[in-house]
Amino acid sequence: MTIKTTVTRWWTEWLRSVLLIILIITSFRSAVADWNDVPTGSMKPTIFEGDRIVVNKLAYDLKIPFTTQRLFAWGDPQRGDIVVLYSPVDGKRLVKRVVGIPGDTLSMIDDCLIVNDDAVAYAPLDEGLVAGHTAGMEGRLIASENFGGTPHAVMIARGRHCMPSFAPIIVPASTYFVMGDNRDESYDSRFFGPVSRDQIVGRATLVAASVDPERNFLPRWERFLHPLR
């Protein structure tokens with residue numbers, strides 16, 4: 001066996017192994033679990049810029065890897081879930097909260113949600129909903145919003161109202177109305193409408209790690225492994 005043959009055989013076998021590993025990893029990330037970097041503040045104060053969040057892609061169904069086609073479904077997003085979805089405008093991945101499910105009647109008056117004719121409950125911020133502090137939260141109103149029995153944090157940027165009110169709408173079948181927790185600085189269903197079930201990738205469950213872009217990307221240790229609610 002010549003040196004050239006040996007090298008060629010070694011390279012072929014090594015390349016085959018590497019490609020197999022890459023295929024397994026990418027398939028796992030496509031269909032089972034993934035992480036998502038957060039570049040914007042539309043979900044403050046729940047999720048900050050620089051957070052890396054864990055996305056459970058098996059939360060609702062099992063899809064064929066690298067596609068949006070479902071093999072099996074065992075659940076659907078619920079009000080209050082934080083989901084990762086493809087924007088119906090440009091296909092970019094977004095992180096938003098589900099505030100309306102199929103058949104719901106939704107409206108908003110002065111940043112207060114009304115779901116099926118019931119005003120959503122608001123209260124002073126619960127401890128533990130927000131881990132740490134970041135730039136851009138000064139002068140904002142931060143409160144707990146509660147529907148479905150699980151409170152979560154929302155933020156209102158006073159003086160920068162971005163559609164604080166809208167008339168009642170009925171969420172169509174197989175679609176979901178999503179909004180950012182940073183209510184006045186979020187591009188969401190108020191602008192691009194409800195999103196289809198197929199555009200929802202999975203549920204965000206945890207902040208795996210976090211860095212602060214305003215402080216030379218220093219770690220925000222207090223946000224590591226912080227559960228999302």
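The second largest pocket is lined by 15 residues, and those nearest its centre are G80, D81, R97, T150 and R203. Here a pocket is an open set of points on a 1 Å grid over the protein atoms alone, with protein on both sides within 12 Å along at least five of seven lines, and lining residues have an atom within 4 Å of a point. The structure is a predicted model, in which local features need pLDDT of at least 70 and side-chain atom pairs count only at pLDDT 80 or more, while totals for chains, interfaces and linings use all residues. Residues are numbered from 1 along each chain as its sequence is written, and side-chain values use heavy atoms, with hydrogens and water left out.

The volume of the second largest pocket is about 180 Å³, a volume being the space filled by probe spheres set on grid points that are joined across faces, edges and corners. Strand 12 (150-156) and strand 16 (200-212) are the elements that give two or more residues to its lining; strands (E, at least two residues) and helices (H or I, at least four) are DSSP runs numbered from the N terminus. The lining divides into five nonpolar, five polar and five charged residues, where Ala, Val, Leu, Ile, Met, Phe, Trp, Tyr, Cys and Pro count as nonpolar, Asp, Glu, Lys and Arg as charged, and the others, Gly among them, as polar.

Two of the residues named above, D81 and R203, also form a salt bridge, with the closest N and O atoms 3.5 Å apart. A salt bridge is a side-chain nitrogen of Lys or Arg within 4 Å of a carboxyl oxygen of Asp or Glu. Because R203 lies in strand 16 and D81 in the loop between strand 4 (70-73) and strand 5 (82-86), the pair ties together parts that are 122 residues apart in sequence. R203 is partly exposed at 36% relative accessible area, whereas D81 is buried at 7% (buried means under 20%, exposed over 50%, partly exposed in between, with a 1.4 Å probe and protein chains only).

Turning to the largest pocket, its volume is about 220 Å³. It is lined by 13 residues, of which T40, S42, R93, L94 and V95 are the closest to its centre. Two or more lining residues come from each of strand 1 (33-37) and strand 6 (93-100), and strand 6 gives the largest share, four residues. Six of the lining residues are nonpolar, three polar and four charged.

The whole structure holds 13 salt bridges. One of these joins the side chains of R52 and D37 at 2.8 Å, N to O. R52 belongs to strand 2 (residues 51-56) and D37 to strand 1, so this pair ties together parts 15 residues apart in sequence. R52 is partly exposed at 33% relative accessibility, and D37 is partly exposed at 45%.

Another salt bridge brings the side chains of D51 and R223 together at 2.7 Å, N to O. This pair links distant parts of the chain, 172 residues apart, with D51 in strand 2 and R223 in the loop between strand 17 (218-219) and strand 18 (226-227). D51 is buried, at 0% relative accessibility, and R223 is buried, also at 0%. D51 and R223 belong to a network of salt bridges that includes D212 and R220.

Key
On a 1 Å grid over the protein atoms alone, a cavity is a set of points where a 1.4 Å probe fits but cannot get out, and a pocket is an open set with protein on both sides within 12 Å along at least five of seven lines; lining residues have an atom within 4 Å of a point.
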